[in-house]
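The following exercises ask the reader to work through a protein model, one region after another. Each task is followed by a solution in steps.

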Amino acid sequence: MAGEGSANANQRKLPRFLCLHGFRTSGAILKKQIFDKWPIQVVNKLDLVFVDAPFPSQGKSEVEGIFDPPYYEWYQFNKELKEYENFDKCLEYIQECMIKHGPFDGLLGFSQGAILSGALSGLQDKGVGLTKVPKIKYLIIIGGAKMQIKSLAKKAYSPAITCPSVHFLGEKDFLKPSGMKLLESYVDPVVIHHPKGHTIPRFDEKGLESMLSFIEKVQAEIS
């Protein structure tokens with residue numbers, strides 16, 4: 001599925017982001033999470049396109065009973081997170097989405113989608129994927145982490161990623177230590193802290209100010 005976040009998208013150019021949902025959820029679920037939690041003054045300044053991951057869920061989803069199925073996953077991995085399956089197919093699928101629904105200014109990702117989003121700019125620069133679409137220029141990373149596979153990580157995070165990025169870190173998020181580690185691979189990242197766990201957070205006053213400032217910077221650069 002795909003859906004745009006703003007009725008104003010056709011009237012003026014808004015920053016356009018491809019949104020990558022979490023593990024064993026869906027584009028519809030991420031859309032609901034964002035539109036339920038984020039205020040109008042944020043979502044009305046972004047053109048958000050939500051898509052489902054390429055693979056149907058291969059196991060139980062943690063959102064069962066909270067959000068309706070179907071559920072999807074971007075790729076599969078072993079318990080140690082050291083091996084990925086179908087990663088190449090995942091990259092090809094994301095590229096197809098970017099061609100079909102783009103062009104895009106950036107990526108927004110949550111959880112597994114954030115791990116992907118946080119690595120794709122570097123991988124694109126190395127020619128590992130997304131070779132047929134424009135360069136990713138902006139990133140919104142919510143509950144992200146570094147990829148654990150050394151061969152991919154070396155290509156994704158070295159040298160440091162220079163495109164403007166905003167990272168959401170939850171105090172109770174089990175991925176926070178890896179999310180902090182991810183920050184070391186970025187040049188001048190904007191960091192928004194929140195008190196919750198592994199979730200799409202609401203904004204406090206300081207976080208909202210940081211997010212709106214980030215969006216204004218993006219808007220000025222693309223206009």
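The exercises below concern a predicted model, and each solution follows its task directly.

**Exercise 1. Strand order around β8**

Task: Determine which strands pair with β8 and in which sense, and trace the crossovers that connect them.

Solution. 
1. Begin with β7, residues 106-110: this strand and β8 are joined by five bridges in the parallel sense. Within this pairing, L107 has L139 of β8 as its bridge partner.
2. Next, consider the pairing of β8 with β9, which is also parallel and comprises four bridges. Here L139 stands opposite S165 of β9.
3. The chain passes from β8 through α5 to β9 in a right-handed β-α-β crossover. A right-handed β-α-β unit is likewise made by β7, helix α4 (residues 112-125) and β8.
4. Continue to β10: β9 and β10 pair in the parallel sense over five bridges, with H194 of β10 as the bridge partner of G170. The unit formed by β9, α6 and β10 is right-handed.

**Exercise 2. The buried face of α6**

Task: Identify the buried residues of helix α6 and explain why they can be said to line one face.

Solution. 
1. Helix α6 spans residues 176-183, and its buried residues are K176, S178, G179, L182 and L183.
2. Viewed down the helix axis, these buried residues fall within an arc of 160 degrees, and they therefore line one face of α6.
3. Their packing partners are β8 (138-142), α5 (150-157), β9 (165-170) and β10 (190-194).

**Exercise 3. Aromatic pairs**

Task: Describe the geometry of the pair Y75 and F87 and that of the pair F168 and F203, and place each in the chain.

Solution. 
1. The distance of the ring centres and the angle of the planes describe such a pair. The model contains ten aromatic pairs.
2. For Y75 and F87, the centres are 5.4 Å apart and the planes make an angle of 80 degrees, an edge-to-face arrangement.
3. Y75 belongs to the loop between β4 (72-73) and β5 (76-77) and F87 to helix α3 (residues 87-101), so this pair ties together parts that are twelve residues apart in sequence. Both residues are buried.
4. F168 and F203 are also edge-to-face, at 5.7 Å centre to centre with 65 degrees between the planes. This pair links distant parts of the chain, 35 residues apart: F168 is in strand β9 and F203 in the loop between β10 and α7 (205-222). F168 and F203 are buried.
5. Finally, Y75 and F87 belong to a cluster that ring pairs build together with F23, F77 and Y84.

**Exercise 4. Nonpolar cores**

Task: State how many residues the largest nonpolar core has, and which of them have the most contacts inside it.

Solution. 
1. The largest nonpolar core has 40 residues, and L18, I94, L116 and M147 have the most contacts inside it.
2. At least two residues of this core come from each of β1 (16-20), β2 (47-51), α3, α4, β8 and α5.
3. Leaving aside residues up to four places away in sequence, L116 touches L20, W74, Y75, F87, C90, L91, I94 and M147.
4. Another core, of 27 residues, lies apart from this one and includes L108, F110, I140 and I215.

**Exercise 5. Backbone exceptions**

Task: Locate the cis peptide bonds at P70 and P103, and characterise the positive phi values of N86 and S111.

Solution. 
1. As a reference, most peptide bonds are trans, and most residues other than glycine have a negative phi.
2. P69 and P70 are joined by a cis peptide bond with omega of about 5 degrees; P70 lies in the loop between β3 (55-56) and β4.
3. G102 and P103 are joined by a cis peptide bond, again with omega of about 5 degrees; P103 is in the loop between α3 and β7.
4. N86, in the loop between β6 (84-85) and α3, has a positive phi of about 65 degrees. Its relative accessibility is 27%, so N86 counts as partly exposed.
5. S111, in the loop between β7 and α4, has a positive phi near 60 degrees. With a relative accessible area of 12%, S111 is buried.

Key: Residues are numbered from 1 along each chain as its sequence is written. This is a predicted model: local features need pLDDT of at least 70, side-chain atom pairs count only at pLDDT 80 or more; totals for chains, interfaces and linings use all residues. Side-chain values use heavy atoms; hydrogens and water are left out. Buried means under 20% relative accessible area, exposed over 50%, partly exposed in between (1.4 Å probe, protein chains only). The arc is that of the directions from the helix axis to the C-beta atoms. Contact means heavy atoms within 4.5 Å. Rings of Phe, Tyr and Trp (its six-membered ring) pair if their centres lie within 6.5 Å; planes under 30 degrees apart count as stacked, over 60 as edge-to-face and the rest as tilted. Two strands pair if DSSP finds at least two bridges between them. A crossover is right-handed if, with the strands pointing away from the viewer, the path from the first strand over the helix to the second runs clockwise. A nonpolar core is a set of buried Ala, Val, Leu, Ile, Met, Phe, Trp, Tyr and Cys residues joined through side-chain atoms within 4.5 Å.
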